[in-house]
Amino acid sequence: MPPRGSSFSTLNLPSTFSLPECMEYFTLTAGPNTDLWRKPPNGDTATAPIVFTSLRNPFVVAEVTVSADWEMESDQGGIVVFAGAAPQSFSSENVPISAVTPLSRHERPQSLRPCKWVKAGMEFCSGTVNASSVSATADGADWCVSPLCLPDNGPASVHSLRIKFERVGHSLVVWYQIPTLSPFARTPGAVGSTWKKLREVTWFFYG
């Protein structure tokens, strides 16, 4: 059953935006130069439009389907999981990623450690539609892409992508599936084979 809109909050969206009662389908519009990224030494950029919720139980699995007509370099959409506090709108172009908090003379200095997160989705890069993922730690973030294409049609024919996050022990496994391929799968085994592993973040649920 799709989640209810009342259990979600929004970030970096106009005050006129409203969530549907049923979250089975909804549309987000991203302005130019918005992103969710972490790059030392400058720190975080969290200006992308986000719809988020907080879990009451341990994470098990999450899945989303993203559809769009990609046009510009780095156009993207997908799903992100944060380990820590709820996300906040933030751009720290000139602030180091490990800032020091103000202290009294009796306190020991401690660094502000940004929360870790992983995002994955569909991204237009170098003229190609890709399955992409970023994993972010307190020290920075990485980025990986895997070009998408349909047999005999090429990457331009892919307009939708399913992304699944799955917890396996301490790891977060990122899967993707091209929806237009799955209707041809007639058995559970065939459906399972349409999911491809994009990456495994082995440290995400550790500590």
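Q: Is S74 buried, exposed or partly exposed, and what is the relative accessible area?
A: S74 is partly exposed, with a relative accessible area of 37%. The model is predicted.

Q: Why does 37% put S74 in the partly exposed class?
A: Because buried means under 20% and exposed means over 50%, with partly exposed in between, and S74 has 37%.

Q: Where in the chain is S74 found?
A: In the loop between β5, residues 61-67, and β6, residues 76-83.

Q: What about the phi of S74?
A: The phi of S74 is positive, near 75 degrees, and this residue is not a glycine.

Q: Which other serine has a positive phi?
A: S126 has one, at about 55 degrees, and S126 is not a glycine either.

Q: And where is S126 found?
A: S126 is in the loop between β8 (116-125) and β9 (128-137).

Q: Buried or exposed, for S126?
A: Exposed, since the relative accessibility of S126 is 62% and the cut-off for exposed is over 50%.

Q: Back to β5. Which strands are in the open sheet with β5, and in what order?
A: Four strands form that open sheet, in the order β5-β12-β13-β14, with antiparallel pairing.

Q: Which strands stand at the edges, and why does that leave one side of each without a neighbour?
A: β5 and β14 (196-201) are the edge strands; each has a single partner strand, so one side of each has no neighbour in the sheet.

Q: What is the twist from one strand to the next?
A: The twist averages 20 degrees from one strand to the next.

Q: How many bridges does β5 make with β12?
A: Seven bridges pair β5 with β12 (residues 160-168), in the antiparallel sense. Within that pair, V66 stands opposite L161 in β12.

Q: Changing topic: how do β2 and β3 run relative to each other?
A: β2 (residues 36-39) and β3 (residues 43-46) run antiparallel and are joined by four bridges. They form a hairpin, with three residues between them.

Q: Which residues stand opposite R38 and K39?
A: R38 stands opposite D44 in β3, and K39 stands opposite G43 in β3.

Q: Which residues of β2 are on the covered face, and which on the uncovered one?
A: L36 and R38 are on the covered face of β2, while W37 and K39 are on the uncovered one.

Q: What joins P40 and P41?
A: A cis peptide bond, with omega at about 5 degrees. P41 is found in the loop between β2 and β3.

Q: How many helices and strands does the whole chain have?
A: The protein chain has one helix and 14 strands.

Q: How much of the chain is buried?
A: Of the 207 residues, 32% count as buried. The accessible surface comes to about 13000 Å², and carbon and sulfur atoms hold 54% of that.

Q: What share of the contacts is between residues 24 or more positions apart?
A: They account for 60% of the contacts in the protein chain with a separation of 6 or more.

Notes: Residues are numbered from 1 along each chain as its sequence is written. This is a predicted model: local features need pLDDT of at least 70, side-chain atom pairs count only at pLDDT 80 or more; totals for chains, interfaces and linings use all residues. Side-chain values use heavy atoms; hydrogens and water are left out. Two strands pair if DSSP finds at least two bridges between them. Helices (H or I, at least four residues) and strands (E, at least two) are DSSP runs, numbered from the N terminus. Buried means under 20% relative accessible area, exposed over 50%, partly exposed in between (1.4 Å probe, protein chains only). Axes are lines fitted to C-alpha atoms, for helices over the stretch in contact, and angles run from 0 to 180 degrees between N-to-C directions. Contact means heavy atoms within 4.5 Å. Accessible areas come from the Shrake-Rupley method with a 1.4 Å probe; for residues, only the protein chains shown count as cover.
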